[in-house]
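User: I have a structure open and want to walk through it with you. Can we take it one piece at a time?

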Amino acid sequence: MKIFFGIAGFLFLQSLLHADVKELYLQHCQVCHGNKGQGGLGSSLVDGQWTHGDTDADHVKVITDGLPDMGMAGFGSVLSDKEIRSLVIYIQELAQRADPPQAPPQSQGIFTTQHQIFSIDEILTNDQKMWGLSFLPDGRKIITEIDGPVKIMEVDGTLNPPIEGVPEIARKGQGGMLDVAVHPDDAKNGWIYLAYSEGSKDKCITTVVRGKVRNNQWQEEEVIFRADEKFRGGAGVHFGSRIVFKDGYVFFSIGDRGRQQYAQDIDYPNGKIFRLHDDGRIPADNPFVKESSIPAIWSRGHRNPQALAFRPGTDELWSTEHGPRGGDELNRILPGRNYGWPTVTFGMNYNGTPITEHTSLPGIEDPVWHWTPSIATCGMAFANAETYPGWKGDILAGGLKAQIIERLRIGPDGVEEREVILKSQGRVRDIKTGPDGFIYVILENNGSRLVRLVPEQ
Ligand code: HEC
């Protein structure tokens, strides 16, 4: 009871301290800038034209100090730094609403993007929600469905009945049967890895196991990573779960499970990316082997990393992270580093209350890119440069809410090009490069579809 009132009281205080960003805007800004930012006494905030500088820092300065000569008073004494940050995010949301990102031109199923023409080949439709996809060495595919089943798709496209004996899941919110990854030496060793939410609806967290499939049966299961039961929680959010391999190691992610503060704590599995030997042993040179009770941790300060991929031909691990509102991130993952959540973020809470004014701090890795407004990142892959010559190994990042795939070209100084290459085909759940070099995408609507992007000349 006491705890309950403690939390309720805390939330009440928070709501007194911090108004929703929309209320802030309507109360302080709309009279001059219009309810949609279209302008009036003040200039338009949504036409892409900035007289007083176009960076976030410029906007913060104008809002804090005002433009007394032009009739705008400063808000530095009325609003907190956090609230001003939330207004900067809100202005960008208004601008995007006024001018949403465009889909590439399409004619008779042919999509013409800046550097690459392609069509969509539909491989599978499913009345269930598929979550993860991986490729068996004989050309078959293995897919997960969030409600629990794991199924093999034959080369001819038929989907087999669920594999029997796969782990029991705790199906709650975003939790269920999540990623699947076939070991790179599967042809020799037969290992397949699964990540899923384990426990009960009241207490669950992401677990990673491996096993082998024979006669459509899950066999020889071994636990790769299972967090102590004390870390299981009741939130239905932020399970992470993507699995990738490199040089005998397996990497995977677990989201913060709605308990933000633990993402910073190396004695909690929440909000981390992990590295283990592919059989689950702890590598002796992991960054926190000495300091942490969870020596599998590779990096920290993550909210919900829902994509992991190695850049082909390198040992660079990249991730997209589903951030708070306005704070989705693309990160290059390095061992032992801190990616900032929730101390540093470009975003605010989904209810419009601020989190922090800090978008960068010493000792915290800056994202390579951040999406403000959010696209709700999930799934990403590097486009194979031979299959898609126009895309030269670019990153393709998926968005659930935005229903887009965005292409990002990364140069020595960061993002050089960005382009929406697919839009409004469904919520983008997973993007993987197949052994055939093609990009495969899981798209969600009522059920889900698996499609392939086919380059055209
Ligand atoms: C009393 C009217 C008034 C109010 C209230 C007001 N502004 Fe302004 N704002 C202006 C004027 C006038 C300008 C300058 C337009 C120009 O340079 O042509 C301006 C400029 C700006 C700019 C810079 C635009 C540019 O082109 O670089 C930003 C950003 C901005 N305001 C945000 C806000 C926000 C956020 C609020 C609410 C917290 C707010 N303003 C409240 C009148 C107002």
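User: What is the crossing angle between the axes of helix 2 and helix 5?
Analyst: This is a predicted model. In the model, the axes of helix 2 (residues 21-28) and helix 5 cross at roughly 85°. They come within 9 Å.

User: Parallel or perpendicular, roughly?
Analyst: Helix 2 is roughly perpendicular to helix 5. The reason is the angle: 65 to 115 degrees counts as roughly perpendicular.

User: Which residues make the contact?
Analyst: Helix 2 brings V21, K22, L24 and Y25. Helix 5 brings E83, S86, L87, Y90 and L94.

User: How many of those are nonpolar, polar and charged?
Analyst: The contact of helix 2 with helix 5 has six nonpolar residues, one polar and two charged.

User: New topic. Where is R325?
Analyst: R325 is in the loop between strand 16 (317-321) and strand 17.

User: Buried or exposed?
Analyst: R325 counts as buried, because its relative accessibility is 16%. The cut-off for buried is under 20%.

User: What does the side chain of R325 make a polar contact with?
Analyst: The side chain of E93. The distance in that polar contact is 2.8 Å.

User: And what does R325 touch, leaving out residues up to four places away in sequence?
Analyst: The list includes V21, I89, Y90 and E93. R325 also touches G347, M348, N349, Y350, N351, G352 and S374.

User: Now the ligand. Which residues come nearest?
Analyst: There are 22 residues around the ligand, and C29, C32, H33, H52 and M72 come nearest.

User: Which helices supply at least two residues of that shell?
Analyst: Helix 3 (30-33), helix 4 (56-65) and helix 5 (81-98) each do. Helix 3 gives the most, with three residues.

User: What polar atoms sit by the ligand's own atoms?
Analyst: Start with H33. An N or O atom in the side chain of H33 is 2.8 Å from a nitrogen atom of the ligand. Next is T51, where a backbone N or O atom lies 2.8 Å from a ligand oxygen atom. For H52, a polar side-chain atom is 2.6 Å from an oxygen atom of the ligand.

User: How many shell residues are nonpolar, polar or charged?
Analyst: The shell has 14 nonpolar residues, eight polar and no charged.

User: Let's do the backbone. Where are the cis peptide bonds?
Analyst: One joins W341 and P342, with omega about 0°. P342 is in the loop between strand 17 (328-333) and strand 18 (369-371). Another cis bond runs from T372 to P373, with omega near 0°. P373 is in the loop between strand 18 and strand 19 (377-382).

User: Why point those out?
Analyst: Most peptide bonds are trans.

User: What about phi for E220?
Analyst: E220 has a positive phi of about 55°, although E220 is not a glycine. E220 sits in strand 10 (residues 217-225). Its relative accessibility is 42%, so E220 counts as partly exposed.

User: And D247, what is its phi?
Analyst: Positive as well, about 50°, and D247 is not a glycine. D247 is in the loop between strand 11 (243-246) and strand 12 (249-254).

User: Is D247 buried or exposed?
Analyst: D247 counts as exposed, because its relative accessibility is 66%. The cut-off for exposed is over 50%.

User: Why do positive phi values get a mention?
Analyst: Most residues other than glycine have a negative phi.

Technical notes:
Residues numbered from 1 in each chain as written. Predicted model: local features only at pLDDT ≥ 70, side-chain atom pairs only at ≥ 80, totals over all residues. Heavy atoms only, no water. Helix = DSSP H or I, 4+ residues; strand = E, 2+ residues; numbered from the N terminus. Buried < 20%, exposed > 50% of the residue type's maximum accessible area, 1.4 Å probe, protein only. Near = heavy atom within 4 Å. Polar contact = N/O pair within 3.5 Å; in protein donor to acceptor, adjacent residues only side chain to side chain. Nonpolar A, V, L, I, M, F, W, Y, C, P; charged D, E, K, R; others polar. Axes fitted to C-alpha atoms, helices over the stretch in contact; angles between N-to-C directions. Parallel < 35°, antiparallel > 145°, perpendicular 65-115°, else oblique. Contact = heavy atoms within 4.5 Å.
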